[in-house]
Amino acid sequence: MSTTIDTIETMRRLFGFHKFRPNQAEIVNAILERRDVFAVMPTGGGKSLCFQLPAAILPGTCVVISPLISLMKDQLDAVRALGLSAEYLNSSQAAREQARVTGQLKAGACRLLYVAPERFAMQDFRAVLKRLTISFFAIDEAHCISDWGHDFRPDYLTLSEIMRDFPGTPVAAFTATATESVQSQIVHRLGLRSPLTVRASFNRPNLFYEVVQKTDEDRQVLNFVRSRPGQSGIIYRTTRRDVEEMAQFLSANEIPAVPYHAGLEPAERTRNQEAFIRDEAPVVVATIAFGMGIDKPNVRYVVHADLPKNLEGYYQETGRAGRDGDPAHCLLLYGFEDVPRLKFFISKIDKREPREIASRKLQQMIDFAAGDECRRRRILGYFGERYRASVCGACDTCQGTVEYVDWTERARIALASVTELEERFGVCHVVDVLIRADTARIRQLRHDDLECYGAGTDHGKKEWRNALNEMISQGVLEQSGGMYPVVRVTRKGRTVLEGRATFTARRPVRKVEAVVHTPASEPDNPLFEHLRDVRRRVAREEGVPPTTRQQVDLAVEWNLGQSFANERSR
Ligand code: ADP
Ligand code: ZN
């Protein structure tokens, strides 16, 4: 179904974008046709436009439900900068301000209203809504309604009542992370009525992933940052102290870096954040408290100087790089000494189930960092997406040379054990059985009596983990969803097991030296530099972050390099 010229024209006029990004057109169309929507789109995929554009077109007010009160002001500023009337309502506002907003709403003078879910739970708020024309509900971070995900918020459960109280109003739910099982729980709990369902690819083709062994993180980060003069980047550290120390170290070496963590005075935190957003400080050293809801399009690199605790976090944080679509670099410094600290944090989690989930996720993170499979394939696989190309070309392992090895024998041993274990166990247990591990679980389940017990002692634990991962990514084994994924033999796997097919693994031959990937040499382009200066100034004068759009507008306005503007707005 094609988007009308009018919709595209409105997008161009309001947002300055010339084309839709993948999936945006379908979602916007569905909302305009008053259909429910469920969309999983990665960070930076362009979710905001999907509800802001229909909100600008449809009569009435779009109610946006968003979990974090602290981000509402930023969201509001961004929407208002587009020229749309918008308000938010939350508990941080004085009664008089709340009354003013309610007045605006009743007067029909508000295209978008941002509220947190606890507001929606209030009966008198709902009574106000019932008297308004509501174009649709947009639910951001919709995975918070699912207790199978990683960010459950009980407040979100009241959103199940939208359907009952506003039966004629469409609902569009968005999230950046949802496995299939979380997805079905969201759709069910919200009661979406045969929604348009979109699962965008999580692939971020412009990001280069690299993992380097951590030897001396200060030096490594300094060299990395020095090789990218003038570029904007985020360096993540686990502890506040490391944040402070690294920011000082960089500053002492003539890299203006500001620290950011939850322990700073709010005024200083805001000042540092703004300095970074406005390109006044090119580098921010931060804990993961930094970045939520920040839309800075031109972040050119994200460095993790410590191991993140899971791949979701790693993906979210690296996702802050390259939102403008230009090449950006993600460097992870991996040292095994980070692991005990993370394990210690995990051991402090009270409840058993969350503790086990956290520790499984940490193991997956370690496998990612220690493994030598294509990084992109591994990340996408984690989110349940199959990456088909054999070499992505934009990660450290894919830049090395690749060799193909016959692993048929190894695969058959693994497939036979999975079968003997009746496809009821996860990767770890299968590997333990193969290598003849003596675990309590094995003894308790009597798996030491099985034929496959010790069938793989020719190889070590890590090799078997790699083998199983490779088999999963090639679709010879599959992993179930849910809390405790088990591995099963696929149809393709049966052909290998029964001797009707062979199994070839793709093994990268790692380079010894870290790859230093130099993106297109933009800083050498005088026009780019000039526009960047102007953009910084304009942003400061308007008190908003510098955006690609301002840059494009300026380029067009001054008739400066039309091709440059086209290039940027793609
Ligand atoms: P998300 O909320 O999915 O993380 P955003 O809505 O913040 O992503 O969009 C990410 C970036 O992409 C923003 O800088 C936004 O301006 C830009 N963007 C969104 N849609 C388009 C488009 N159609 N063309 C060009 N840039 C876009
Ligand atoms: Zn790759």
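Trainee: Why is Cys 398 called buried?

Mentor: Buried means under 20% relative accessible area, exposed means over 50%, and partly exposed lies in between, with a 1.4 Å probe and protein chains only. Cys 398 has a relative accessible area of 7%, so it is buried. Cys 395, at 0%, is buried too. Before we go on: this is a predicted model, where local features need pLDDT of at least 70 and side-chain atom pairs count only at pLDDT 80 or more, while totals for chains, interfaces and linings use all residues. Residues are numbered from 1 along each chain as its sequence is written, chains are lettered from A and ligands numbered from 1 in the order in which they are written, and side-chain values use heavy atoms, leaving out hydrogens and water.

Trainee: Now the rings. What makes Phe 120 and Phe 166 a tilted pair?

Mentor: Rings of Phe, Tyr and Trp (its six-membered ring) pair if their centres lie within 6.5 Å; planes under 30 degrees apart count as stacked, over 60 as edge-to-face and the rest as tilted. By this rule there are 14 aromatic pairs. In one of them, Phe 120 and Phe 166 are 6.3 Å apart centre to centre with 50° between the planes, and the pair is tilted. Phe 120 is in helix H6 and Phe 166 in the loop between helix H8 and strand S6, so the pair ties together parts that are 46 residues apart in sequence. Helices (H or I, at least four residues) and strands (E, at least two) are DSSP runs, numbered from the N terminus. Both Phe 120 and Phe 166 are buried.

Trainee: And why is the pair of Phe 276 and Phe 290 called edge-to-face?

Mentor: Their ring centres are 5.7 Å apart and their planes stand at 75°, so the pair is edge-to-face. Phe 276 is in helix H12 and Phe 290 in the loop between strand S11 and strand S12, 14 residues apart. Phe 276 and Phe 290 are both buried.

Trainee: How do you know that Lys 296 lies over the face of Phe 276?

Mentor: A charge sits over a ring if NZ of Lys or CZ of Arg is within 6 Å of the ring centre and within 35 degrees of the ring normal. Lys 296 is 5.3 Å from the ring centre of Phe 276 and lies over its face. Likewise, the charged end of Arg 375 sits over the ring of Phe 368, 5.6 Å from its centre.
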